[in-house]
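Please keep the sequence and the model in view while reading.

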Amino acid sequence: MITVFGEGRGFRVVWLLEEMGLPYRLRGVDLLAGVENDPEFLDINPAGFIPALRDGEVTMVESVAIMEYLLARYGPTALAPGARDAAFPAYQQFLHLGEAGLAASIYFVSGARNIAPESERDNWSARQAMDVFTTRLTLVTRALERGPYLAGDAFTAADISVGYALEMARKNVGVVFGDVERAYMTRLRERGGFQRALETCQATKGWWG
């Protein structure tokens, strides 16, 4: 049985598992209570961050890496175009942009604006991270102006990666998107896999609003 530890970016993993029709269980991790009180989880990821995955003898962390593992291990699947597919370069780019350019940047903006002392909420690093997010978002917008999904006409795992990052930005930072991005986010939310993942991830459902 595949076990996903923790929600947060673990929602990406659960969403992918639902899209692939793979059996799994979600095991909650309460970061607010302190992972030092959760030895089972620390045995999986001693660094103490979520998500993590256990699949038989395999343990992994990092949501996009976990997604790539699942796609390769349990594929082939249309969610991951093959290397000779014309959609592959865009798929690969946006799969990683969803974390490296978007979610990672907005994470630090969110921390500064919502958790930092008042005097630090608009610091230089937070503004730099917001600039990174904003510039990378132009790549998403341009791709969506050409087609309904980031790799073209078909939904792929790249949309899961980026879609989660956009929802993070909307909810945690209050980013206001344009018509193209909003229509895209609506398409993603209407997917059966997304809806099933949201029902599984009750903490995420409450956060989503």
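This is a predicted model: local features need pLDDT of at least 70, side-chain atom pairs count only at pLDDT 80 or more; totals for chains, interfaces and linings use all residues.

Glu167 counts as buried at 3% relative accessibility, whereas Arg170, at 26%, counts as partly exposed.

## Salt bridges between elements

The whole structure holds 13 salt bridges, and one of them joins Arg196 to Glu18, with 3.0 Å between the closest N and O atoms. Arg196 belongs to helix α8 and Glu18 to helix α1, so this pair ties together parts that are 178 residues apart in sequence. Glu18 counts as buried at 17% relative accessibility, while Arg196 is partly exposed, with a relative accessible area of 42%.

A further salt bridge, at 3.8 Å from N to O, brings together the side chains of Arg54 and Asp43; Arg54 lies in strand β3 and Asp43 in helix α2.

## The sheet

Four strands make up an open sheet with mixed pairing, in the order β2-β1-β3-β4. Because β2 and β4 stand at the edges, each with a single partner strand, one side of each is left without a neighbour in the sheet. Strands β3 and β4 pair in the antiparallel sense over four bridges, and α1 lies across β1, β2 and β3, running at about 155° to β1.

## The buried side of helix α7

In helix α7 the buried residues are Glu181, Tyr184, Met185 and Leu188. They cover an arc of only 100° around the axis, which puts them on the same side of α7, and they pack against α1, α5, α6 and α8.

Technical notes: Residues are numbered from 1 along each chain as its sequence is written. Side-chain values use heavy atoms; hydrogens and water are left out. Buried means under 20% relative accessible area, exposed over 50%, partly exposed in between (1.4 Å probe, protein chains only). Helices (H or I, at least four residues) and strands (E, at least two) are DSSP runs, numbered from the N terminus. The arc is that of the directions from the helix axis to the C-beta atoms. Contact means heavy atoms within 4.5 Å. Two strands pair if DSSP finds at least two bridges between them. Axes are lines fitted to C-alpha atoms, for helices over the stretch in contact, and angles run from 0 to 180 degrees between N-to-C directions. A salt bridge is a side-chain nitrogen of Lys or Arg within 4 Å of a carboxyl oxygen of Asp or Glu.
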